[in-house]
Amino acid sequence: MNKQTKQALIFVAILLAILAVFQFADIGSPKTKESTITEIKQLVQDKKVSEIRVKGSKIEARVDGEVLIAYIEKSAQLSDYQITPDNVNIVVEDPDKGSLLPNLLTIFLPFLLIAGFLYFMLKSATGSNMRAMDFGRSKAQLYLGKHKISFADVAGAEEAKQELEEVVEFLRYPEKFRRLGAEIPKGVLLVGPPGTGKTLIARAVAGEAGVPFFSVSASEFVEMFVGVGAARTRDIFAKAKRNAPSIMFIDELDAIGRQRGSGLGGSHDEREQTLNQILVEMDGFNPGTKVVVMAATNRPDVLDPALLRPGRFDRRVMLDLPNKKERKAIFEVHLKNKPVDKTVNAEKIAQGTAGFSGADIKNVANEAAIFAARQNKKTISQNDLNWAVEKVFLGPERRSKVLSEKEKEITAYHEAGHAIVGHILPGTDPIHKISVVSRGMALGFTWSVPLEDLHLSSKEKFEDQIAQMLAGRVAEEIQFNSITTGASNDLKNATKIARDMVTRYGMSDEIGPMTLGEKEELIFLGKELAEHKTYSEKSAALIDQEVSDIINEAKKRAYQVLAKHKKMLKQIAEKLLKEETIEGEDFARLFK
Ligand code: ADP
Ligand code: MG
Ligand code: ZN
């Protein structure tokens, strides 16, 4: 039973009780009986009446335990019936007095009932569904005390932690900074790809500083009605100030912080107002306000410049995808509370998970635990972790997807082609695993993992990578002298790299070092919808020519490699058909 029905029931019960009291108020008094004045006159003369009460024209006579009631004419008097104080005790009462309360009640009870009814109607309406009066309130969540997160829960990200240490210091000992006239950071913007721990580190700052942490996701500001976001902004800032020193955290800031004046659609005004309100609130902090506003985004490039100017989100803390050492540390954090056996080697998993974010790693640890539990094991092994890495990276296996014998064979040669070219050419990453088990959309996969995290790529590396991508299709051509649709994704990726080499990285000799074309994002749709052509038709034709040259050159190299290793191609494809997967180490051994 919910609270409202309970209250309504109590209300009804009270009403019934009141009614009952009036209904049975006469319980203790004697029985009444209609009678006539002549009868009473007789009884008086017989001395059977102990008392007579007169209420206007109503006569009540008490006769041992009974009350007889009779009425006399208005003009008549009791003495007309020989009833006088001489022979009986007479009490005269004000006719209206006794009935005053019941009378009032009969007048007001309906009103009371209606008022009560309305009250409960309104109460339940605002309480549960409508929230008609509640729009302007923010749904900011307050985290305090419980689930306290500290910097120890954030693995890696050392520089970010160092920067934020300062914020923690300020929130803990504001006087220390103020004495020296230091301006306190007002806004800290956490920038990094999804899943790199932005939300996590913001909560860790609150945990370390031991202050209230108000968290709100920017998308909550955007509602149906214009002005609601601004009202919520005021509300959450007011809350944070009331609880100062405190941290206010706006997650996914880009949802409202995109550049103003460039949107599409109706709620554009709303975003703009909300954003303006945030700017106003941040400017309105007086120097003593001990509120630090933190925000997170993975799209700093689309943020309105007004948000980033000094005095607002002027501090930026970068969170990058973790490198190998950091991945190892993150694995250790997430395996800490899970029972693992001796085979588990965090170093090795970290090695094989280049490009994974912290969130991916958490996911891997969790999937491994689920996988181990499904096998009724007590501990998690390295194999469980490897299985989980594959699942997270490539999508779940789809063994139910049945390929015909011919399709299997084509897939085996295709993957063997990728693997061999990837192994031979110097600019590609070592082969980690080859498989002809369907996963996600792919019929098979060749998985390469870099030896170390690299931040720069070179023209030669790109060329080798494109050759590896095309090698699947080249292998099909060599073996079956026909081509299939299986390579469409490879072609797409290869073309994209080639195009980027020409238009973004200036790696074409013909065109030279410049970028061509500017991507403009249409706000709200968030996709690369329009690419402004900032070059002439002549350049466009030249770009196409250059891209096509790169692709064809790469294809030629793939062909050369595979033609030279034709025996190996056959050997690996046959092994794949027999065993379905080949591990990287076994694969490398075949070449020795
Ligand atoms: P973001 O907000 O950057 O998208 P989150 O902070 O939501 O990412 O991270 C999601 C989850 O990934 C976290 O709850 C945490 O469990 C895990 N995670 C991410 N980065 C780290 C890290 N550096 N150390 C430990 N766990 C991490
Ligand atoms: Mg987040
Ligand atoms: Zn392929």
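Which polar side-chain atom lies 2.8 Å from an oxygen atom of ligand 1? It belongs to Lys198. The model is predicted: local features need pLDDT of at least 70, side-chain atom pairs count only at pLDDT 80 or more, and totals for chains, interfaces and linings use all residues. Residues are numbered from 1 along each chain as its sequence is written, and side-chain values use heavy atoms, without hydrogens and water.

A polar backbone atom of Leu200 is 2.9 Å from an oxygen atom of ligand 1. For Thr196, the distance from a polar backbone atom to a ligand 1 oxygen is 3.3 Å. A polar contact here is a pair of N or O atoms within 3.5 Å. Ligand 1 alone exposes 560 Å², of which the protein buries 83% (Shrake-Rupley method, 1.4 Å probe).

The shell around ligand 1 holds 15 residues, each with a heavy atom within 4 Å. Ala155, Gly195, Lys198, Thr199 and Leu200 come nearest. Six shell residues are nonpolar, six polar and three charged, with Gly counted as polar.

Ligand 1 lies between domain 2 (141-260 + 267-318) and domain 3 (324-394), because both give residues to its shell. The domain bounds come from an automatic or database assignment.

Technical notes
Chains are lettered from A and ligands numbered from 1 in the order in which they are written. A polar contact is a pair of N or O atoms within 3.5 Å; within protein, one must be able to donate a hydrogen and the other to accept it, and residues adjacent in sequence count only if both atoms are side-chain atoms.
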